[in-house]
Amino acid sequence: MLMKSIAAGLAGTALLATVAFAQNPTATTDKSPPAATTATTTTTTASGEWRASKMAGLKIYNDANESIGSINDLLMDKSGAVKIAVIGVGGFLGMGEHLVAVPYEKLKFVNEAVAYTGAAGTGANPNPNAKPAATTTTGAATGTEKTTTASSSSKWYPDHAVFNATKDELKNMPEFKYSE
């Protein structure tokens, strides 16, 4: 019985060895030069660029730091230049959201967090739609201090965008619909 096991083990080893030798590449006698690759890359790093996948859902504020919507989609022309931002306004968890199309160049992208100016120590935010602020203060301690949040410069997307309109003005714009 022991002899049969040893013989089976040797036969299995021999089969595995032949499979391993069959996978080794053989030398070719063709002396032609290797084909040149046609694909080229422009860069291996993209410092200062934004990822399009991170732009969807980006919050949009107006000049008064009121949240007015978020980017749902970016539409580009055939050359790849972004022309239109589709903004979702209102709704709850995507239900009842009103989509509007605005020219992309009308959006101002900001890397710093939304600033909040309020009385120190009150903690009351007069704008419930604004982003909460951190505890970093700038300026003299006069009772009304400007609080901002520092943002990372290594992110692949801006903190938010600014569009000069109110939420009601956006809701009154014609609804954007995707054509089939």
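Two strands count as paired if DSSP finds at least two bridges between them. Helices (H or I, at least four residues) and strands (E, at least two) are DSSP runs, numbered from the N terminus.

This is a predicted model, in which local features need pLDDT of at least 70 and side-chain atom pairs count only at pLDDT 80 or more, while totals for chains, interfaces and linings use all residues. Residues are numbered from 1 along each chain as its sequence is written, and side-chain values use heavy atoms, with hydrogens and water left out.

**Overall make-up**

The chain has three helices and nine strands. From the N terminus, the elements run α-α-β-β-β-β-β-β-β-β-β-α. Of the 180 residues, 22% are buried; buried means under 20% relative accessible area, exposed over 50%, and partly exposed in between (1.4 Å probe, protein chains only). The accessible surface comes to about 13,200 Å², and 58% of it belongs to carbon and sulfur atoms. These areas come from the Shrake-Rupley method with a 1.4 Å probe; for residues, only the protein chains shown count as cover. Among contacts with a separation of 6 or more, 56% link residues 24 or more positions apart. Contact here means heavy atoms within 4.5 Å.

**The sheet**

Six strands make an open sheet, ordered β4-β3-β2-β1-β9-β5, with mixed pairing. Its edges are β4 (98–103) and β5 (108–110), each of which pairs on one side only. From one strand to the next, the twist averages 40 degrees. Axes are lines fitted to C-alpha atoms, for helices over the stretch in contact, and angles run from 0 to 180 degrees between N-to-C directions.

Strand β1 (residues 59–61) runs antiparallel to β2 (residues 67–76), and three bridges join them. Ile-60 has Gly-69 in β2 as its bridge partner. For Lys-59, the partner in β2 is Ser-70. Five residues lie between the strands of this β1 and β2 hairpin, where Asn-65 takes a positive phi near 60 degrees.

Next comes the pairing of β2 with β3 (residues 82–89). They are antiparallel and joined by six bridges. Leu-75 stands opposite Ile-84 in β3. This hairpin also has its turn residue with positive phi: five residues separate β2 and β3, and Gly-80 has a phi of about 100 degrees.

**Two buried loop residues**

Leu-107 sits in the loop between β4 and β5. Its relative accessible area is 8%, so Leu-107 is buried. Beyond its neighbours within four places in sequence, Leu-107 is in contact with Ile-60, Ile-71, Ala-85, Ile-87, Val-102, Val-162 and Phe-163.

Asp-159 belongs to the loop between β8 (144–148) and β9 (160–162). It counts as buried because its relative accessibility is 13%. The side chain of Asp-159 makes a polar contact of 2.8 Å with the side chain of His-160. A polar contact is a pair of N or O atoms within 3.5 Å; within protein, one must be able to donate a hydrogen and the other to accept it, and residues adjacent in sequence count only if both atoms are side-chain atoms.

**Salt bridges**

The structure holds two salt bridges, each a side-chain nitrogen of Lys or Arg within 4 Å of a carboxyl oxygen of Asp or Glu.

| Salt bridge | Closest N and O atoms |
|---|---|
| Asp-77 and Lys-83 | 3.9 Å |
| Lys-177 and Glu-175 | 3.9 Å |

Asp-77 is partly exposed at 29% relative accessibility, and Lys-83 is partly exposed at 43%. Lys-177 is exposed, at 62%, whereas Glu-175 is partly exposed, at 42%.
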